[in-house]
Amino acid sequence: MWYFQKTMPAWAVVRRVVLGLAPMVLAILAAASPARAQDGFRISYDVDRARPDRARLTGRVLNERPEDVFDVSVTAEALDGRGRVLGRGISYVDARISRGDARPFSMSVPTAPGTVNFRVVVSSFKAGFGQAPTQSQGP
């Protein structure tokens, strides 16, 4: 610190530290954001692009949460090379998915020229109750 005091003002030192840490903080936040949206679900899907204006996505939603979930819906997005959304479809999956169970879904997503990828996320659900602990009762 003594070196910095003689060669540059304090505001410049603070600026260098902030600019040095900012990219790391942003990278950590960007990496953590999608995980929060998907906590407790595993989604797998296949894309059928036989039609030029629509893609058919079929897949499964696995509930890895510690409780049952209710009224589950998924949203699929058609993306361009930069990750911008070109089309979107929403599908209701099921009224209840027990913990550890999976349910199928199928949906159409409008596509546009430049669609290169798709993203599917659980867009809504209601959390239920977890497994109640078993208790043994005496006589």
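In the predicted model, Arg96 has a relative accessible area of 42% and is therefore partly exposed, since this value falls between the 20% and 50% limits. Its salt-bridge partner is Asp68, with N and O of the two side chains 2.3 Å apart. Asp68 has a relative accessibility of 12% and counts as buried, because this is under 20%. Asp68 belongs to strand 3 and Arg96 to strand 4, so the bridge ties together parts of the chain separated by 28 residues in sequence.

The Asp68–Arg96 pair is one of nine salt bridges found in a search of the whole structure. Side chains of opposite charge can pair when their charged atoms come close.

Two further bridges share Glu77. With Arg88, Glu77 forms a salt bridge whose closest N and O atoms are 3.0 Å apart. This pair links distant parts of the chain, Glu77 being in strand 3 and Arg88 in strand 4, 11 residues apart. Glu77 also forms a salt bridge with Arg119, for which the closest N and O atoms are 2.7 Å apart. Here the partners lie in strand 3 (Glu77) and strand 6 (Arg119), so parts 42 residues apart in sequence are tied together. Glu77, Arg88 and Arg119 are accordingly linked in a network of salt bridges.

Glu77 is buried, because its relative accessible area of 13% is under 20%. Arg88, at 47% relative accessibility, counts as partly exposed, and Arg119, at 36%, is likewise assigned as partly exposed.

Nonpolar residues were examined next. In soluble globular proteins, nonpolar side chains tend to be buried together. The largest nonpolar core of the model has 18 residues, and those with the most contacts inside this core are Leu57, Val61, Val74 and Phe105. Two or more residues are given to the core by each of strand 1 (41–48), strand 2 (54–63), strand 3 (67–79), strand 4 (85–97), strand 5 (102–110) and strand 6 (117–130). Strand 3 supplies the largest share, five residues. Strand 3 also holds Asp68 and Glu77.

Conventions: Residues are numbered from 1 along each chain as its sequence is written. This is a predicted model: local features need pLDDT of at least 70, side-chain atom pairs count only at pLDDT 80 or more; totals for chains, interfaces and linings use all residues. Side-chain values use heavy atoms; hydrogens and water are left out. A nonpolar core is a set of buried Ala, Val, Leu, Ile, Met, Phe, Trp, Tyr and Cys residues joined through side-chain atoms within 4.5 Å. Buried means under 20% relative accessible area, exposed over 50%, partly exposed in between (1.4 Å probe, protein chains only). Helices (H or I, at least four residues) and strands (E, at least two) are DSSP runs, numbered from the N terminus. A salt bridge is a side-chain nitrogen of Lys or Arg within 4 Å of a carboxyl oxygen of Asp or Glu.
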